[in-house]
Amino acid sequence: MPDWQKSTFSGGGDGNECVELARDESNLLLRESDDPDRILTLTPAALSALISRATHPDATRK
């Protein structure tokens, strides 16, 4: 069972409005707390690209 960590950017309290991250042997796991059975498995590089794209959508990509 992964040890899920809640994003610090998520709303306060125990509500179901947050993104959670965990790690398995070689990948990172990402899920929304309101749909915990749907898990996105990513490499660290893929998660970095996802975060970069989400925070800088107009940046030029190579």
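Let me start with one pair of residues. Ala22 stands opposite Leu29, and Leu29 belongs to strand E3. Strands here are DSSP runs of E, at least two residues long, and helices are runs of H or I, at least four; both are numbered from the N terminus.

A word on the source. This is a predicted model, with residues numbered from 1 along each chain as its sequence is written. Local features need pLDDT of at least 70 and side-chain atom pairs count only at pLDDT 80 or more, while totals for chains, interfaces and linings use all residues, and side-chain values use heavy atoms, without hydrogens or water.

Now the overall plan. The chain has 1 helix and 4 strands. Along the sequence, the pattern reads β-β-β-β-α. The chain has 62 residues, and 21% of them count as buried. Buried is under 20% relative accessible area, exposed is over 50%, and partly exposed is in between (1.4 Å probe, protein chains only). The accessible surface of the chain comes to about 5100 Å² (Shrake-Rupley, 1.4 Å probe; for residues, only the protein chains shown count as cover). Carbon and sulfur atoms hold 52% of that surface.

In what order do the strands line up in the sheet? The order is E1-E2-E3-E4. The sheet is open, and its pairing is antiparallel. Pairing here needs at least two DSSP bridges between two strands. At the edges sit E1, residues 5-6, and E4, residues 40-42. Each of these two pairs on one side only.

Let's walk across the sheet. E1 and E2 pair over 2 bridges, antiparallel. There, Gln5 stands opposite Leu21 in E2. Next come E2, residues 19-23, and E3, residues 28-32. Those two share 5 bridges, again antiparallel. A hairpin connects E2 to E3 through 4 residues. Leu21 turns up here as well: its bridge partner in E3 is Leu30. Then E3 meets E4 through 3 bridges, and the two run antiparallel. Leu29, the residue opposite Ala22, has Thr41 as its bridge partner in E4.

Which parts are covered? E3 mostly is: 4 of its 5 residues are buried. E2 shows two faces. Glu20 and Ala22 point to one face and are buried.

Why does Glu20 count as buried? Because its relative accessibility is 14%. Its side chain makes a polar contact with the side chain of Arg31, at 2.6 Å. A polar contact is a pair of N or O atoms within 3.5 Å; within protein, one must be able to donate a hydrogen and the other to accept it, and residues adjacent in sequence count only if both atoms are side-chain atoms. What else does Glu20 touch? Leaving aside neighbours within four places in sequence, the contacts of Glu20 are Trp4, Gln5, Lys6, Leu29, Leu30, Arg31 and Ser33. Contact means heavy atoms within 4.5 Å.

Lys6, from that list, lies in strand E1. Lys6 counts as partly exposed because its relative accessibility is 34%. Lys6 and Glu17 are 11 residues apart in sequence, and their C-alpha atoms are 9.9 Å apart in space.

Taking the chain as a whole, look at contacts between residues at least 6 apart in sequence. Of these, 9% join residues at least 24 apart.

Last topic: salt bridges. How many does the structure hold? It holds 2 (a side-chain nitrogen of Lys or Arg within 4 Å of a carboxyl oxygen of Asp or Glu). One joins Arg31 and Glu20, with the closest N and O atoms 2.6 Å apart. That pair links distant parts of the chain: Arg31 is in E3, Glu20 is in E2, and they are 11 residues apart. Arg31 counts as buried because its relative accessible area is 16%. Glu20, as we saw, is buried too, at 14%.

The other salt bridge joins the side chains of Arg38 and Asp35, at 3.9 Å from N to O. Are these two residues buried or exposed? Arg38 counts as exposed, because its relative accessibility is 64%. Asp35 is partly exposed, with a relative accessible area of 31%.
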